[in-house]
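Here's a quick look at how this model packs inside and what it shows on its surface.

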Amino acid sequence: MVLDVGCGCGGTAAWLASMGARVDGVSWSSDELKQAAGHCRATIQCDLNDGLPNVATGAYDLVVCSHVLEHIAYPQKLLTDIKRALNPSGVVVVAIPNLFFWRDRWKLLGGRWEYQPSGTFDYTHLRWYTRESMVETMAGHGFQLESFVADGWIPLPGIRYLVGSGLRKRINETVSQWWPGLFGVQFLFRFGVSGSRAI
């Protein structure tokens, strides 16, 4: 069983369902939940700032928080409820934007901070995390890091036309892992419940 926290219109739920998973979706938006319902076993409408109401203890093997935590002003209640909802061997997958991606650093160095409808400077973002602060925040709620990946890219002006897409992909993956804080557009974490099993 999967709990998709902040499921939006159901894109992630649809992908998980196509792989045979049973998914429950959570969102504050009734319009989003109507669209997600076709891919979910059940949908739950709530304000995630208030945590997860009416979620059974130990019901889920996987909880997905894809670009959710940066929208929550005080995530303590939500993270406590997520741990309660997981079975002891369950995992949490978290995706967050990286404010210090090279292109966004350049904007900040130039004194630019224009809020936008989406992306790094989404006007609904309330919190920012580095790799280290996310690991620390999750550890404070009983989770341990199992794996980390930075997904991003490096500017290759001119060169990108000389190399194939496969090589560009490998270059982007390599530099994002070597320098995640600089070249990662987003950070992807997998957390287990602390003490539940060896990493």
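The side chains of T120 and D104 are joined by a polar contact of 3.0 Å. Keep in mind that this is a predicted model. T120 sits in the loop between α4 and α5, and beyond its neighbours within four places in sequence it's in contact with N98, L99, D104, H125 and W128.

Y123 is also found in the loop between α4 (102–109) and α5. So how do T120 and Y123 come out, buried or exposed? Buried means under 20% relative accessible area and exposed over 50%, so T120 at 13% counts as buried, while Y123 at 56% counts as exposed.

| Residue | Relative accessibility | Class |
|---|---|---|
| T120 | 13% | buried |
| Y123 | 56% | exposed |

Now for the inside. The largest nonpolar core has 33 residues, and the ones touching the most other members are L48, V63, I82, V92, V94 and M134. Elements giving two or more residues to this core include the strands β1 (2–5), β4 (60–66), β5 (86–97), β6 (143–152) and β7 (184–193), plus the helices α3 (76–85) and α5 (131–139). Apart from this core lies another one, of eleven residues, with A36, C40, L62 and V64 among them.

Zoom in on V94 to see what surrounds it: leaving aside neighbours within four places in sequence, V94 is in contact with C65, L69, M134, M138, F187, L188, F189 and F191.

Technical notes: Residues are numbered from 1 along each chain as its sequence is written. This is a predicted model: local features need pLDDT of at least 70, side-chain atom pairs count only at pLDDT 80 or more; totals for chains, interfaces and linings use all residues. Side-chain values use heavy atoms; hydrogens and water are left out. A nonpolar core is a set of buried Ala, Val, Leu, Ile, Met, Phe, Trp, Tyr and Cys residues joined through side-chain atoms within 4.5 Å. Buried means under 20% relative accessible area, exposed over 50%, partly exposed in between (1.4 Å probe, protein chains only). Helices (H or I, at least four residues) and strands (E, at least two) are DSSP runs, numbered from the N terminus. Contact means heavy atoms within 4.5 Å. A polar contact is a pair of N or O atoms within 3.5 Å; within protein, one must be able to donate a hydrogen and the other to accept it, and residues adjacent in sequence count only if both atoms are side-chain atoms.
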